[in-house]
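Here are some friendly notes to read alongside the model. Please keep the structure open and look up each place as you go.

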Amino acid sequence: MWTLAIAIALVGIAQVASAALRGGVGLWLSNPGAAHLRSDATFTLPAQIGPWQRGGETDKSAAQPEIAGRRYQTWAYQSAGLTAIVAIDYPFAGHNDLALRYRNAGWVIAQQAANPSRPDPRAGEFTIVQATRLHEWGYLCYASLDETGQWTQLPKASLAGQLQERLTHLGRPGANAATHQIQLWVQTLSPLDAASQEQLIQLFLGTRDLLAPQVIAQQEGRQ
């Protein structure tokens with residue numbers, strides 16, 4: 001038993017060392033496996049979700065979301081004077097720290113609630129972020145879906161913790177599988193009240209429900 005454990009540990013150390021030589025442990029932690037989503041995959045959302053009507057051109061919007069995936073689609077929804085940008089981008093390895101990208105874009109993260117407790121059974125794993133930048137406010141909801149249809153667990157905060165998780169799952173099926181990120185972003189000139197923020201969350205959960213099965217249905221080998 002001890003011999004086997006030592007051998008597994010040595011394999012893990014060798015992989016870390018190899019990854020470091022190729023560009024660092026951070027690269028190894030963030031490098032996704034091959035995505036099984038078809039290259040011609042496309043996603044659709046309805047013209048209306050609750051009180052939200054689809055409209056506007058996201059590529060001309062001043063409130064652009066931060067997109068990190070190699071592939072993405074965006075939609076704009078409007079309600080009560082607000083424009084919410086919904087996006088799906090991929091692939092990633094595990095749960096992507098999207099709040100970090102907004103911080104790097106100059107936003108100050110005022111509040112961040114990871115996996116908030118909600119009575120809604122659809123909630124699953126997701127993150128809510130409130131941010132400020134000069135005289136602007138930003139509201140973000142995001143989550144990561146793996147190719148089995150599961151919302152990914154939030155990662156350890158530290159690089160050491162992420163490395164430990166990766167070594168723990170080393171060799172298991174899907175340890176470096178691709179994930180798909182869904183986000184909702186709203187940028188305003190004044191803070192939103194609690195009721196408006198709840199409407200954003202409901203729109204986010206609604207779009208997640210619609211996009212998640214499309215991810216599963218468009219994987220290679222599925223009709």
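1. Let us begin with a residue in a loop. Leu-134 counts as exposed because its relative accessibility is 82%; exposed means over 50% relative accessible area, buried under 20%, and partly exposed in between, with a 1.4 Å probe and protein chains only. Leu-134 sits in the loop between E6 and E7. Its phi is positive, about 55 degrees, although Leu-134 is not a glycine.

2. Before going further, please note that this is a predicted model: local features need pLDDT of at least 70, side-chain atom pairs count only at pLDDT 80 or more, and totals for chains, interfaces and linings use all residues. Residues are numbered from 1 along each chain as its sequence is written, and side-chain values use heavy atoms, leaving out hydrogens and water.

3. Ala-80 is another residue to look at. Ala-80 lies in the loop between E3 and E4 and has a phi near 50 degrees, a positive value in a residue other than glycine. With 76% relative accessibility, Ala-80 counts as exposed.

4. Now for the overall plan. The protein has five helices and eight strands; helices (H or I, at least four residues) and strands (E, at least two) are DSSP runs, numbered from the N terminus. Starting at the N terminus, the order of elements is α-α-β-β-β-β-α-β-β-β-α-β-α. Of the 223 residues, 41% count as buried.

5. Two strands pair if DSSP finds at least two bridges between them.

6. Strand E8 deserves a careful look. Strand E4 (residues 82-93) and strand E8 (residues 178-188) run antiparallel and are joined by eight bridges. Ala-84 stands opposite Val-186 in E8, and Ile-88 has Ile-182 in E8 as its bridge partner. E7 and E8 also pair in the antiparallel sense, over ten bridges; here the partner of Tyr-142 is Gln-183 in E8.

7. Is E8 mostly covered or uncovered? It is mostly covered, with eleven of its eleven residues buried. In a regular strand, side chains alternate between the two faces of the sheet. From E8, Ala-178, His-180, Ile-182, Leu-184, Val-186 and Thr-188 point one way, while Thr-179, Gln-181, Gln-183, Trp-185 and Gln-187 point the other way, and all are buried.

8. The bond from Tyr-90 to Pro-91 is cis, with omega near -5 degrees, and Pro-91 is in strand E4.

9. Finally, a word on confidence. The average pLDDT, the predictor's confidence in each residue from 0 to 100, is 77, and 65% of the residues score at least 70. Where pLDDT is low, the predicted coordinates should not be read in detail.
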